[in-house]
Amino acid sequence: MSVEMKIDGPEQAQGDQTGAQAVLGHESDRPEGGLKVTGAAPYAAEPCPPGMAHGFLVRAPGLGKVRLTNLEVVQGMAGVLTILRDDRMIRNAAQGTSESAPVQGVDQADYVGQPIALVVAESFEQARHAALALRVETAGGALVVNPQDAVATDDDIDETAQGDLERAFASSVHRIDQTYSTPSLISAAMEPHAALAEWDGDRLVLRASLQMLKYSRTEIADCVGIAPEDVRVLAPYVGGGFGSKLGICAEAVAAALAARQLGRPVRVVQHRRQVFEMNTRRSETSQRIRLCSDENGQLTGIGHQALVSNLPGEDFAEPVLQATHFAYAAPNRLLRRAVVRLHRPAAGSVRAPGEAVGVTAFEIAMDELACAAGIDPVALRLRNIPRDDPESGLPFSSHRLAECLTDGSRRFGWSKRPTAPRQQREGDWWIGTGMAAAFRVNSLMEAEARVVLSAQGVRVETDMTDIGTGSYAILGQIAAERLGHPLSRTEVILGDTDLPPSSGSGGSFGAASTGTAVWLACEELRRVLAGRMGCDMADLTLKDGYALCDNRRRAIAELLDGTPVTGHGHVRPGAARDKVRQATTGAHFAEVAVSDVTGEVRVRRLAGTYAAGRILNPRTARSQCHGGMTWGIGMALTEALIHDRRDGHVVNRDFEAFHLPVNADVPALDVAFVEDRDDWLGPLRAKGLGELSICGAAAAVINAVHHACGVRVRDLPATPDRVL
Ligand code: MOS
């Protein structure tokens with residue numbers, strides 16, 4: 001039995017249907033939280049099957065042709081079982097799709113740090129020792145590694161133009177023309193990339209740390225040359241992904257190939273320093289932004305030209321302009337993105353690809369325009385909210401930016417702010433406030449789920465992952481709500497490709513997409529129960545394990561009569577995509593203190609108000625926003641991957657040198673949600689949330705720095721040397 005739905009229009013929304021249970025939309029703990037904090041939840045690298053061997057990846061220390069000069073010696077070292085060198089192990093599936101992955105060879109280092117071999121040994125220590133003893137030479141690698149040394153070809157340039165920006169700019173009353181830069185950044189998930197491969201005859205079982213299992217399954221099958229049906233990928237717990245686990249990485253392929261060759265289970269975990277260079281980074285960006293307006297701050301022109309990079313042959317290009325297309329109205333527009341080809345580690349999706357850096361630069365530029373025009377930054381944004389999508393003319397499915405800005409200002413106390421910079425001081429510290437809007441595209445992806453209703457309760461099954469986001473919690477809440485069961489009798493099974501294929505976790509679409517599939521599966525079960533009650537579905541109430549209809553009440557378990565019933569839900573994006581523009585919006589407000597002596601910036605307050613459709617669980621939703629805002633603080637003040645100018649290698653490959661914000665850097669974060677229902681997203685009416693909270697958060701901090709001390713930082717991060 002199955003309920004399928006293609007989302008074609010708003011008529012598929014069914015009101016909130018919060019129902020009798022009051023579970024969905026309410027605060028709820030993570031059901032797996034206890035397992036995680038006690039160490040009982042098995043992550044990819046934790047099981048130790050009998051006979052397991054250990055693999056350690058070997059990196060290219062330079063660019064160009066690779067030569068191993070002491071292979072025989074290392075092969076003879078204690079415990080060494082094999083040294084795997086196979087081009088397939090370094091296939092870079094940055095996109096999480098199987099079509100677009102260029103295959104590079106182990107004999108050619110396209111970037112420093114590229115994996116070029118896997119040393120497998122009896123113990124982890126032996127594998128690492130041998131891997132580090134392997135002498136790797138590279139030669140002939142005079143390759144371009146710096147953006148200023150490269151020129152984009154026509155194939156690598158995208159441009160959208162409307163009206164005449166140059167003319168609008170020349171005749172405008174207020175204008176700014178500035179260039180901003182953001183450095184390479186890294187996902188830095190807490191759990192390093194890890195895989196444990198076991199073959200059962202011709203069938204591969206891969207435990208791995210991945211975000212989107214249905215794609216990973218196809219990719220790994222393709223790499224090792226077997227059918228996807230012969231692969232089972234297991235990822236019940238994932239310690240963060242942030243885009244770096246959208247596609248399979250070297251450790252998974254290498255583990256699978258080595259396990260087949262040796263006839264033993266093989267585990268490969270990336271060393272923390274490998275995590276920093278073997279997986280995709282966020283491209284550095286250079287962004288020229290031109291804004292011009294009339295005397296009231298009404299925008300007449302928007303120019304946004306971005307330069308990003310990637311390896312030759314890679315399809316991914318940081319979508320810097322993604323939000324600029326729809327954020328603000330202006331008749332004259334020029335949006336241009338160019339990709340240069342550099343031999344730095346491959347660029348790919350890192351949390352909120354595009355907007356995280358694009359909105360950040362744009363919202364700093366908006367602050368500069370507000371200063372130039374003498375208009376309050378919130379008022380400037382309110383004045384330029386588009387009624388419809390400025391480029392396509394399509395209506396927005398829902399748009400609550402104005403509410404986010406006004407509610408956010410009120411919560412933060414924005415009106416108390418002195419207009420001019422350098423007005424507030426406490427001892428050696430300048431104090432200032434700043435704000436930025438938040439924008440993020442929204443999409444719904446195909447997803448399937450199965451829900452089994454039995455006398456024991458409700459069981460939800462899908463290959464969805466929980467990468468720290470709260471999938472276990474919200475999918476259980478949806479099923480409990482719709483089927484009238486307490487959460488304590490609702491079980492959620494995730495992270496197994498033997499279960500129905502979900503959307504996976506990526507692009508903030510997981511909750512809405514897979515949640516809708518669970519909802520639809522429950523619809524099927526509700527239809528069955530209505531039939532057994534002899535009533536219309538519309539008259540059926542399910543609550544506390546009972547079905548109610550008219551004046552009749554029966555235990556659901558009794559209606560099942562000893563036989564479990566299974567419902568299958570399947571959602572697909574439909575024509576809605578072409579009829580409306582879907583996006584999420586928000587507003588960030590920051591207060592900072594800037595040391596007049598050292599240039600150090602301390603964030604004292606950071607608040608975010610977001611509109612992202614129906615909030616399924618305010619607790620897990622808030623937690624996502626805490627994460628995004630913390631990314632914003634890091635992006636504003638400390639985070640940067642430093643590439644060596646000579647060979648592009650990542651210099652700061654660990655948490656000692658790559659500075660993530662820690663507790664002492666993050667104040668209490670204030671998160672609020674604006675009531676929003678998106679009728680164009682099917683019955684659940686939820687949008688993606690997690691990534692929205694990083695988009696523009698850094699700009700609020702940077703704008704606050706300017707307000708505090710009058711220094712405008714345009715090259716991120718705002719380290720003390722750039723602030724003084
Ligand atoms: Mo996300 S950067 O699509 O995990």
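**Close-up 1. Strand S25 (residues 546-549) is joined to S26 by 4 bridges, and the two run antiparallel.** The structure is a predicted model, in which local features need pLDDT of at least 70, side-chain atom pairs count only at pLDDT 80 or more, and totals for chains, interfaces and linings use all residues. Residues are numbered from 1 along each chain as its sequence is written. Strands (E, at least two residues) and helices (H or I, at least four) are DSSP runs numbered from the N terminus, and two strands pair if DSSP finds at least two bridges between them. Ala547 has Arg554 of S26 as its bridge partner.

**Close-up 2. An open sheet of 3 strands has the order S24-S25-S26, with antiparallel pairing.** Strand S24 (541-543) and strand S26 (552-555) stand at the edges with a single partner strand each, so one side of each is left without a neighbour in the sheet.

**Close-up 3. In helix H3 (residues 124-133), the residues Gln126, Ala127, Ala130 and Ala131 are buried.** A residue is buried if 20 or more other C-beta atoms, placed from the backbone, lie within 10 Å of its own. Seen down the axis of H3, the buried residues fall within an arc of 130°, so they line one face of the helix; the arc is that of the directions from the helix axis to the C-beta atoms.

**Close-up 4. Domain 1 (2-41 + 444-578) and domain 2 (395-442 + 582-723) divide the protein.** These bounds come from an automatic or database domain assignment. The C-alpha centres of domain 1 and domain 2 lie 34 Å apart.

Key
A residue is buried if 20 or more other C-beta atoms lie within 10 Å of its own, exposed if 12 or fewer, and partly exposed in between; C-beta atoms are placed from the backbone.
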